[in-house]
Amino acid sequence: MDDIETWLHQTDYARHDSTDGLVRGLPGRAYRDEAILQREVAKWLSNTWVLAGVVHEIPGRGAMTPVPNLRVFLVHGNNGQIRAFHNICRHRGHELVGENQTQTRFIACPYHGWCYDHEGSLRSTSQFAGEGGHFAKGFDPAAHSLRPVRCERWLDWIFVNLDGNAPPLSEHLGGLTRRLKDLDFRNLRHFHTLDHGEVQANWKLVMENSLEPYHTPYVHTKTGAGIPLRDHYTITEDGLLGCGIYMPESAPGGAAISDGTLTAESHFLSVPPLLIFVVYAGTTIIVHRNLPSLERPDRTHRTVYLYSLSEQPLTQAEIDEWMEIEYIIHVEEDGPVYENLQRGKHSPVTDDGGILSPVWEEPVKAFYEAWHTALTRDGDTP
Ligand code: FES
């Protein structure tokens, strides 16, 4: 048993073995140790579905976009199909797609000019066999196609599965789609993107924050002012974790924003390990793309996409209000918390994992259990 096996065995959250009967959190090491991150990648992050991008950002044939941190890119092919490939040239491993591109005819490597088509086949290897020669004797282009990544979409959202062995996407999202069965997505309309870039925090800290309402009265002092903790509840069901706000008096048909305060019946729904899907008043949807660094445990790339389900497009004033309030929620209120917690995970005080509220942090406990189950299961992803 290696060091991590031993440590995980001792950190068995299924046993809930704190002496006071309450449940402890993950020790600080889980957030700062590169070996733990590599085990997460091998045991959980590679064999699940990860929200990698959105269809509206690669709108036409030949459009391509790199997926931050995953070393993958998405391409809208000539037949309209969206594909994902490892963002690695088969010659000597240079990155192929570094930024969004539109109307491309080929995928061209910037290092020595090798070109692939949108299906990933190698089409030319500029001067590889000398002046005017593409394919050297004995060279098999078919053996040097781009490596595909399993890719499926649901509405505007494109998911990838790095090891190709996850259950179908519909199964992964089953709890979420059943919960949302009464929403009408026919008018789904993207209206804003908030790109955070790299947050200096471990990906689990981002997820945990979305799972519990306990922090809301203390962190969301501007945007959640006036909503007492007692109006919140937690969700641990059917592959879904999260929390919600019960607000029967909220205006039907739309979330109410007044002086930077947001009041709406809300559901913060998470599908572990990475997806966060927020519904405000049944009419506004906020989808979080969280992409852990595969090398650094203290980096997570975050993007937040805002959508409306209303029949009528939002007015510019309504869009401006949402842009402002989401900026405050994610950048001014939650953003500093992630980075503060990451710094704290280097203190020996966090070795015991802290302790969870038995009322407000049940979804966090369930998340830790899922994490522990994934990291201790048999078999490695290559
Ligand atoms: S690494 Fe891509 S062409 Fe050389």
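A residue is buried here if 20 or more other C-beta atoms lie within 10 Å of its own. The model shown in these views is predicted.

**View 1. Leucine 122, a buried residue of strand S7.**
Leucine 122 lies in strand S7, residues 122-124. Leucine 122 has 23 C-beta neighbours inside 10 Å, so it counts as buried. Its contacts, leaving aside neighbours within four places in sequence, are Arg90, Trp114, Tyr116, Pro141, His144 and Ser145. Lysine 222 is 100 residues away from leucine 122 in sequence. In space the two are 54 Å apart, C-alpha to C-alpha.

**View 2. The open sheet of three strands that holds S7.**
The strand order is S5-S6-S7, and the pairing is antiparallel. S5 and S7 are the edge strands, each pairing on one side only. Strand S6 covers residues 115-116. S6 and S7 run antiparallel and are joined by 2 bridges. Cysteine 115 has serine 124 in S7 as its bridge partner.

**View 3. The open sheet of six strands.**
Across this sheet the order is S1-S9-S8-S4-S3-S2, with antiparallel pairing. Strand S1 (50-54) and strand S2 (64-67) stand at the edges. Each has a single partner strand, so one side of each is left without a neighbour in the sheet. Neighbouring strands are turned by 30 degrees against each other on average, direction ignored. Strands of a sheet pair through backbone hydrogen bonds.

Leucine 51 stands opposite phenylalanine 159 in S9.

**View 4. Strand S8 and its partners S4 and S9.**
Strand S8 runs over residues 148-154. S4 and S8 run antiparallel, joined by 2 bridges. Phenylalanine 85 has proline 148 in S8 as its bridge partner. S8 also pairs with S9, again in the antiparallel sense, over 5 bridges. S8 and S9 form a hairpin with 2 residues between the strands. In this hairpin, leucine 155 takes a positive phi near 55 degrees.

**View 5. Glutamine 103, a positive phi in an exposed loop residue.**
Most residues other than glycine have a negative phi. Phi of glutamine 103 is near 50 degrees, a positive value in a residue other than glycine. Glutamine 103 lies in the loop between strand S4 (82-86) and strand S5 (107-108). It has 10 C-beta neighbours inside 10 Å, so it counts as exposed.

**View 6. Alanine 281, a positive phi in a buried loop residue.**
Alanine 281 is not a glycine, yet its phi is positive, about 55 degrees. Alanine 281 sits in the loop between S16 and strand S17 (284-292). Is this residue buried or exposed? Alanine 281 is buried, because 20 other C-beta atoms lie within 10 Å.

**View 7. The cis peptide bond from proline 272 to proline 273.**
Most peptide bonds are trans. The bond from proline 272 to proline 273 is cis, with omega near 10 degrees. Proline 273 is found in the loop between strand S15 (266-271) and strand S16 (275-280).

**View 8. The packing of helix H6 against helix H9.**
Helix H6 covers residues 203-211, and helix H9 covers residues 362-376. They pack at an angle of about 145 degrees, with their axes 8 Å apart. H6 passes H9 in a right-handed crossing. On the H6 side, Met207, Glu208 and Leu211 take part. They meet Pro363, Val364 and Phe367 in H9. By class, this contact has 5 nonpolar, no polar and 1 charged residues.

**View 9. Domain 1 beside domain 2.**
The domain assignment gives domain 1 (52-152) and domain 2 (166-372). Their C-alpha centres lie 34 Å apart. How many residues does the contact take from each domain? It takes 7 residues from domain 1 and 8 residues from domain 2. On the side of domain 1 that touches domain 2, the residues divide into 4 nonpolar, 2 polar and 1 charged.

Terms used. Residues numbered from 1 in each chain as written. Predicted model: local features only at pLDDT ≥ 70, side-chain atom pairs only at ≥ 80, totals over all residues. Pairing = 2+ DSSP bridges. Helix = DSSP H or I, 4+ residues; strand = E, 2+ residues; numbered from the N terminus. Axes fitted to C-alpha atoms, helices over the stretch in contact; angles between N-to-C directions. Left-handed = near helix turned anticlockwise from the far one by under 90°. Contact = placed C-beta atoms within 7 Å. Nonpolar A, V, L, I, M, F, W, Y, C, P; charged D, E, K, R; others polar. Buried ≥ 20, exposed ≤ 12 C-beta atoms within 10 Å, placed from the backbone. Domains from an automatic or database assignment.
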